[in-house]
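Let's go through this model together, one question at a time. Have the sequence and the structure open beside you.

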Amino acid sequence: MKLETQRLILREYVPEDWEAVHVYGSVPEFSQYEMWGPNTLEDTKSFIAETITQSQATPQYQFNFAVHLKSEDYLIGGCGIRRVTQESNIANLGWAINPKYQGKGFATEAAKASIDFGFNELNLALIYATCDTRNIASYKVMDKLGMKRVGHMIGDRKIDGVILDSYRYEILSSQ
Ligand SMILES: CC(C)(COP(=O)(O)OP(=O)(O)OC[C@H]1O[C@@H](n2cnc3c(N)ncnc32)[C@H](O)[C@@H]1OP(=O)(O)O)[C@@H](O)C(=O)NCCC(=O)NCCS
């Protein structure tokens, strides 16, 4: 499975991707709003192994794309669209971009391709994303994608023992 945009190729992970993923996955600030990280080398390799396992399900229902920058032939992040269950017509969307490449619209470009794939190829009815309410960059991406904020979930996440809130955004196939 492979998607292509003007600047990016979205493809399945391969084991050799650990090095480029670890460049950002191991940085503490990178995962400050996430319930994972900072990654040890083992964490990064397990993450990639898990995505490869998910890509082998028949039929495949969870798609975790490595985001590859064409101009540099380099993995700059990840974007995932994952059905809630194998039969579900609802999927969760998520993204991560190496800090060196942030602020250039890459998350939005990768997510837009994933949304189009979700509605056109997977026939999804609804795609949602959540983020820590402090994660402005992430909900800006959701805004730019035309997703609508539908929920402010109090105490939805716990990071380092602290209970925090999340936003939930959604987009419908008819939008
Ligand atoms: C969230 C993330 C993927 C965004 O990637 P990106 O490629 O920089 O995203 P884009 O460039 O498409 O859009 C980001 C937008 O947020 C804006 N932004 C970023 N930080 C901001 C801040 N602190 N305040 C206001 N706006 C901010 C950018 O200016 C940009 O908006 P613009 O296009 O209107 O200028 C990236 O920050 C990241 O990987 N963060 C760490 C992992 C993470 O938190 N993932 C999301 C989990 S829910």
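Helices and strands here are DSSP runs, helices of at least four residues (H or I) and strands of at least two (E), numbered from the N terminus. The model is a predicted one.

Q: In which loop is N123 found?
A: Helix 3 takes up residues 106-120, and strand 6 takes up 126-132. N123 belongs to the loop between helix 3 and strand 6.

Q: What is the phi of N123?
A: Most residues other than glycine have a negative phi. N123 is a residue other than glycine with a positive value, and its phi is near 55°.

Q: Which residue in the hairpin of strand 3 and strand 4 takes a positive phi?
A: This hairpin has 4 residues between its strands.

Q: What is the order of the strands in the open sheet?
A: The sheet is open, has 8 strands and shows mixed pairing. From one strand to the next, the twist averages 25°. The order is 1-2-3-4-5-6-8-7.

Q: How many bridges join strand 3 to strand 4?
A: Strand 3 covers residues 62-69, and strand 4 covers residues 74-83. Q62 stands opposite R82 in strand 4. The two strands run antiparallel, and the number of bridges is 8.

Q: In strand 5, which residue is the bridge partner of I81?
A: Strand 4 and strand 5 (residues 90-97) run antiparallel and are joined by 7 bridges. They form a hairpin with 6 residues between them. R83 has A91 as its bridge partner in strand 5, while the partner of I81 is L93.

Q: How many of the 10 residues of strand 4 are buried?
A: A residue is buried if 20 or more other C-beta atoms lie within 10 Å of its own. Strand 4 is largely enclosed by the rest of the structure, because its count of buried residues is 8.

Q: How far apart are the end C-alpha atoms of helix 2?
A: Helix 2 has 15 residues, 41-55. At 1.5 Å a residue it should span 21 Å. The end C-alpha atoms agree with this, at a separation of 21 Å.

Q: Within what arc do the buried residues of helix 2 fall?
A: The buried residues of helix 2 are T44, F47, I48 and T51. Seen down the helix axis, they line one face, because they fall within an arc of 90°.

Q: Which exposed residues are on the face of helix 2 turned away from its buried side?
A: The buried side of helix 2 is covered by elements including helix 1 (18-25) and strand 3. E50, also in helix 2, is partly exposed, with 13 other C-beta atoms within 10 Å. The face turned away from the buried side carries the exposed residues E42 and T53.

Q: Which helix gives the most to the shell around the ligand?
A: The ligand is surrounded by 21 residues, the closest being Q102, A107, T108, A137 and K140. Strand 5, helix 3 and helix 4 (136-144) each supply at least two residues of the shell. With 5 residues, the one that gives the most is helix 4.

Notes. Residues numbered from 1 in each chain as written. Predicted model: local features only at pLDDT ≥ 70, side-chain atom pairs only at ≥ 80, totals over all residues. Pairing = 2+ DSSP bridges. Axes fitted to C-alpha atoms, helices over the stretch in contact; angles between N-to-C directions. Expected span 1.5 Å × (residues − 1). Buried ≥ 20, exposed ≤ 12 C-beta atoms within 10 Å, placed from the backbone. Arc of directions from axis to C-beta. Contact = placed C-beta atoms within 7 Å. Near = placed C-beta within 6 Å.
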